[in-house]
Each structure stands twice: as structure tokens, then as C-alpha cells.
Amino acid sequence: MSTDNLPSAMFVDIALRNWNQNVERAAKFFNGCSDEDLQLEVAPGKNRLIYLFGHIIAVNDGLLPLLGFGPRFRPEWEETFVKSPDRAVAVLPSAAELREAWTTVHSRFAEKAEALPADEWLGKHAAVSTEDFAKEPHRNRVNVLFSRTTHLASHLGQALLAPKRATQ
């Protein structure tokens, strides 16, 4: 399907609605977990929920500079939750720290995303050069948002595989 006739504002609105829906779903899930629940593994020997929660936050935090929305909130979490697997770091941030970071990162993102004009969503992101963007205009901000929405939804799907929590 061609998007030539789809106004960019509508296109961006669809992308942001999809993003926000997935952020809300993940927030509902992780906020519904007790601190003990977050220690559950998705499956035996696999990632714990606390790691997935931190991983999603760290990746989404990386959207801020990538999209030109400002610096990361927790740049140190890149090493802990993106470059390292679960259990490679002895002490993870607490559930309370993760919840606070979730709120901060997604609030900052929402504020900047709402203010960005639709045509700028179709502009280049910070990880692509002007020369490469001229050759590959699909390497734009909204495409990054689509890929991060898929990333978020994928990890939420993993988290939902965790055994039923005792509180349910």
C-alpha cells in the first residue's frame, strides 16, 4: 500500500497512538507486579521480569537523543539493560527506581512527541547522516518509532509468559 495520499499528520497520529497504547499496556502490566513478582523468570533460565522492565526503559530512554528530544534520563542503564544479559550485573535498580524511570522517560517522550510537527517526524533521526538519509529517506523518526513500538510489544509478550503471579 502506498502512503502517498495519506497525510503525514494522520500517519504520525497512527504511529503515536500505537506507541501510546503499547506503553499503557506495558505500564499496566509492570505496575501490577509486586517487587517479588518482578523476580519471576519468563521461563526457566530465561530473563526475569525486572530485567525486561529495565531493558524496555533503557531502550525507550535511548529514543530521547535518537529523535532529538534531549539527553537520556538514565544513560548508565544502557550497560546494565542493553549491552549485558540478565544476571550479568550483580545489583539491578530497585522496582521503585524502575517505576520512577518509566514515568520520567515516557513523560519526557510524550511531551516532546506531541510538540513535534508531523513533517519533522518524517525527517532524519540522529543516527543517520544527511548523505545516507538523502539516499534512504525511510530512515526517519517515525520509522524508528514503529520499530521501538514493535520492540516494546515483543517484550511485553514475553513478560506475559511469566507464570501466574500469586496475587492473581
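The model is a predicted one. Along the principal axes, the C-alpha trace spans about 50 × 30 × 25 Å. The protein contains eight helices and zero strands, so that the pattern read along the sequence is α-α-α-α-α-α-α-α.

### Overall packing and surface

Of the 168 residues, 42% are buried. Taking the contacts between residues at least 6 apart in sequence, 66% join residues at least 24 apart. The accessible surface amounts to about 9100 Å², and carbon and sulfur atoms account for 54% of that area. The side chains include 19 positive and 21 negative ones, with the centres of the two sets lying 3 Å apart.

### The nonpolar core

The largest nonpolar core is made of 44 residues. Within this core, the residues with the most contacts are Phe 30, Trp 102, Phe 109 and Trp 121. Two or more residues each come from α1 (8-31), α2 (49-61), α3 (63-66), α4, α5 and α8 (141-159). Helix α1 gives the most, with nine residues.

Phe 30 is in contact with Leu 38, Leu 49, Leu 52, Phe 53, Ile 56, Arg 99 and Ala 159, when neighbours within four places in sequence are left aside.

Trp 121 lies in helix α6, which covers residues 118-121. Its relative accessible area is 0%, and Trp 121 is therefore buried. Leaving aside neighbours within four places in sequence, its contacts are Val 12, Leu 16, Leu 67, Phe 69, Phe 109, Ala 113, Leu 116, Asn 140, Arg 141, Val 142 and Leu 145. One of these partners, Phe 109, is also listed among the residues with the most contacts inside the core. Asn 140, another partner, is 19 residues from Trp 121 in sequence and 6.9 Å away in space, C-alpha to C-alpha.

Leu 116 sits in the loop between α5 and α6. At 14% relative accessibility, Leu 116 counts as buried. Apart from neighbours within four places in sequence, Leu 116 is in contact with Phe 69, Trp 121 and Arg 141.

### Other buried positions

Val 59 belongs to helix α2 and is buried, with a relative accessible area of 12%. Not counting residues up to four places away in sequence, Val 59 touches Val 82, Arg 148 and His 151. Gln 158 is 99 residues from Val 59 along the chain, and their C-alpha atoms are separated by 16 Å.

Cys 33 is placed in the loop between α1 and α2. Its relative accessibility is 4%, so Cys 33 counts as buried. Cys 33 and Pro 7 are 26 residues apart in sequence and 40 Å apart in space, C-alpha to C-alpha.

### Two arginines in loops

Arg 74 is in the loop between α3 and α4. At 18% relative accessibility, Arg 74 counts as buried, because the cut-off for that class is under 20%. Leaving aside neighbours within four places in sequence, Arg 74 is in contact with Asp 61, Glu 97 and Glu 100.

Arg 87 is found in the loop between α4 (77-83) and α5 (95-115). Arg 87 is partly exposed, with a relative accessible area of 43%. Most residues other than glycine have a negative phi. Arg 87, which is not a glycine, has a positive phi of about 75 degrees.

### Accessibility of the residues described

| Residue | Relative accessible area | Class |
|---|---|---|
| Trp 121 | 0% | buried |
| Cys 33 | 4% | buried |
| Val 59 | 12% | buried |
| Leu 116 | 14% | buried |
| Arg 74 | 18% | buried |
| Arg 87 | 43% | partly exposed |

How values were computed: Residues are numbered from 1 along each chain as its sequence is written. This is a predicted model: local features need pLDDT of at least 70, side-chain atom pairs count only at pLDDT 80 or more; totals for chains, interfaces and linings use all residues. Side-chain values use heavy atoms; hydrogens and water are left out. Helices (H or I, at least four residues) and strands (E, at least two) are DSSP runs, numbered from the N terminus. Buried means under 20% relative accessible area, exposed over 50%, partly exposed in between (1.4 Å probe, protein chains only). Contact means heavy atoms within 4.5 Å. Accessible areas come from the Shrake-Rupley method with a 1.4 Å probe; for residues, only the protein chains shown count as cover. Lys and Arg count as positive and Asp and Glu as negative; His and the chain ends are not counted. The place of a charge is taken as NZ of Lys, CZ of Arg, CG of Asp or CD of Glu. A nonpolar core is a set of buried Ala, Val, Leu, Ile, Met, Phe, Trp, Tyr and Cys residues joined through side-chain atoms within 4.5 Å.
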